[in-house]
Each structure stands twice: as C-alpha cells, then as structure tokens.
Amino acid sequence: MRIFDPHIHMTSRTTDDYQRMHAAGVRAVVEPAFWLGQPRTNVGSFLDYFDALLGWEPYRAAQYGIHHHCALALNPKEANDPRCAGVLAELPRYLLKDSVVAVGEVGYDSMTAEEERAFEAQLALARENDLPVLVHTPHRDKAAGTRRTLHVVRDAGIPPERVLIDHLNEMTVGMVADSGCWMGFSIYPDTKMDPDRMVALLREYGTDRMLVNSAADWGRSDPLKTREVADVMLATGFGEDEVDRVLWRNPVAFYGQSGRLDLEPGPQAGPDHAGNTIKRG
C-alpha cells in the first residue's frame, strides 16, 4: 500500500513519526505553513520557518524514504496580527521554489476583514504563480465559513479544480462537492473526522476529488490516521484500486497541477517494518 498524506505538519512531529509512517506505507507528504501555537511577532520568524520547510524537513523526511513538499502562506489566524502583514510581500520569492506545490493554508479562522484581505491577496498570488491552493475552513461556524470561502474563491477567478477546501465534514462536503473544488478531510483521534465517518462519506459521495489527511501537528493527532482510513475502506468492501485512488492518486493529481511534484525514486534510505535500513532507487 502506498500513501500520500496531503496535509501534515511534520515540523511538529518527531523523527520516530517518519519511521512509523514509512512502515505504514506513507511515501509522500505535503506540509502546509500554519500557526505554530506560539504567536509570531515579526516577519523574520516566518522566513526562518519557510526556510525550514524548504530545507530541513525534506532532508529529514528523505532519511526515511518519504518525499516532502510544502505549501506556503500567511495562515489565517496570524493574518489578524499587523506585525505579520509583511509576510505577503515576501511570499512571491518563496513561491518560486521547486518544492512548493501550493499556496496554503489560506482562508478563515475567525472570518475577520483582515483574514479576508489576506485570503484574497494569496489567491491572487496563486493565480500569478500558477499554483493550486489549499484552503483552511474555520473550526467555528464551519458551514457559514465554507459558504463564504466558496464565494471568495469564485470571485478570485481560480478554476475550482485548482482549489482544495480542507477540514470538511458531513455539514460542508455537499456544498464543496457541488462547487467542483477538491474535498479535504482531516482525521483526528477526538475531533474533526474519524475513519468510520470518513468511509461513510466515501460511500455516499464516491472517491472523485476526495483527499484524506492526518493534519498531524503539535496537538492531539496521529500521523497514521491515513492508514487507518485505508484499512477501514478495505474492511468495508472498497477495493485496493479505490484505496489507492483516495490515498495516493488523488493527492498526486491535485498537487501535480503545480508541475513541481517530484516522486521519482532516489538514493534515500528508509526503514522496513523491522526497523532495518532499506535502499531506494
């Protein structure tokens, strides 16, 4: 089984997680820029973070046979802090980097005017740089936030097939399915979605444009939740081809629109299920 986690925050995870992920079948990830928990107070702290996503994390992932790409953006929560507004002026040079496969996470946290301005500005940057967009939907007032998100995306003139609306659930999946955008679901131990609910939605809506992620970060989360979804799919009658489509081919198709997705075998080494080193390439 091969798994591509299209939304995971490996900066927050230990190297042991990379080892466990490889053993579970994870071979590729996209790490979107997000809020680190402690508010950042200047633009320079963002740039150091972006540099780590472009340099250190791909190196760390490669030691375990995992391809690491990233999405860069000023996240919605920190878009409200005027000290961080200068990040928008720095983003254009970062969006030219080879391992940047999308603009994200953008969107809403509290649906403020400041968040909307940053959202619109970054949709414009995505259009100018011919990159797809990963959109964060708010944890509060999710249905209203998702409707507003779709309205802003339409007004921006970005084709819906180049937009991934993430953190969906049973209340919001229908409107995104109707929009033509890609649908993202975060599987968590206690909140958001769980594997059984996810598989029920796959049965109802099908596997087209559906992406499943762990969104694992510094909070209670689990980088192996993608594998759990795959196992539940198989146990409830989905075929291996359908699992491969949701857990691999769909994220490849979405992020492949950047023209930068590199999944070619290389000289990196990764651990097998027993912890022994195996060579790739």
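Helix H9 (residues 225-235) and helix H10 pack against each other at an angle of about 155°, with their axes 9 Å apart, where axes are lines fitted to C-alpha atoms, for helices over the stretch in contact, and angles run from 0 to 180 degrees between N-to-C directions. H9 and H10 are therefore roughly antiparallel to each other, given that angles under 35 degrees count as roughly parallel, over 145 as roughly antiparallel, 65 to 115 as roughly perpendicular and the rest as oblique. The helices named here (H or I, at least four residues), like the strands (E, at least two), are DSSP runs numbered from the N terminus. The model is a predicted one, in which local features need pLDDT of at least 70 and side-chain atom pairs count only at pLDDT 80 or more, while totals for chains, interfaces and linings use all residues. Residues are numbered from 1 along each chain as its sequence is written, and side-chain values use heavy atoms, with hydrogens and water left out.

The crossing of H9 and H10 is right-handed; a crossing carries that name if the near helix is turned clockwise from the far one by less than a right angle, and is left-handed if anticlockwise. In this pair, Thr226, Ala230, Met233 and Leu234 of H9 meet Glu240, Glu242, Val243, Val246 and Leu247 of H10, a contact being heavy atoms within 4.5 Å. Sorted by class, the contact of H9 with H10 has six nonpolar, one polar and two charged residues, where Ala, Val, Leu, Ile, Met, Phe, Trp, Tyr, Cys and Pro count as nonpolar, Asp, Glu, Lys and Arg as charged, and the others, Gly among them, as polar.

Leaving aside residues up to four places away in sequence, Arg249 touches Arg2, Asp241 and Asp244, and although Arg249 and Arg2 are 247 residues apart in sequence, their C-alpha atoms are 9.6 Å apart in space. With that same exclusion, Asn250 touches Trp182, Thr207, Arg209, Met210, Leu211 and Arg245.

Arg209, one of those partners of Asn250, lies in the loop between helix H8 (195-205) and strand S8 (210-213), and it has a positive phi of about 65° although it is not a glycine. Asp130, in the loop between H5 and strand S5 (133-136), also has a positive phi, near 55°. Most residues other than glycine have a negative phi, and most peptide bonds are trans. The peptide bond from Gly104 to Glu105 is cis, with omega near 0°, and Glu105 lies in strand S4 (residues 100-107).

Helix H4 (residues 87-94) and H5 (residues 113-128) pack at an angle of about 20°, with their axes 11 Å apart, and that makes H4 roughly parallel to H5. Their crossing is right-handed, and Leu88, Leu91 and Pro92 in H4 meet Ala118, Ala121, Gln122 and Leu125 in H5, so that by class this contact has six nonpolar, one polar and no charged residues. The axes of H5 and helix H6 (residues 142-156) come within 10 Å and cross at roughly 40°, which makes H5 oblique to H6. The crossing of H5 and H6 is right-handed, and Glu116, Phe119, Glu120, Leu123 and Arg127 in H5 meet Arg148, Thr149, Val152, Val153 and Ala156 in H6. By class, the contact of H5 with H6 has five nonpolar, one polar and four charged residues.

The interior remains to be described. In soluble globular proteins, nonpolar side chains tend to be buried together. A nonpolar core is a set of buried Ala, Val, Leu, Ile, Met, Phe, Trp, Tyr and Cys residues joined through side-chain atoms within 4.5 Å. The largest such core has 74 residues, of which Phe50, Leu72, Phe185, Met198 and Met233 touch the most other members, and its largest share, seven residues, comes from helix H2 (residues 43-54). Apart from it lies another core, of 13 residues, among them Ala28, Leu164, Leu211 and Phe254. Asp48 is also found in H2, yet Asp48 is exposed, with a relative accessible area of 55%.

Technical notes
Buried < 20%, exposed > 50% of the residue type's maximum accessible area, 1.4 Å probe, protein only.
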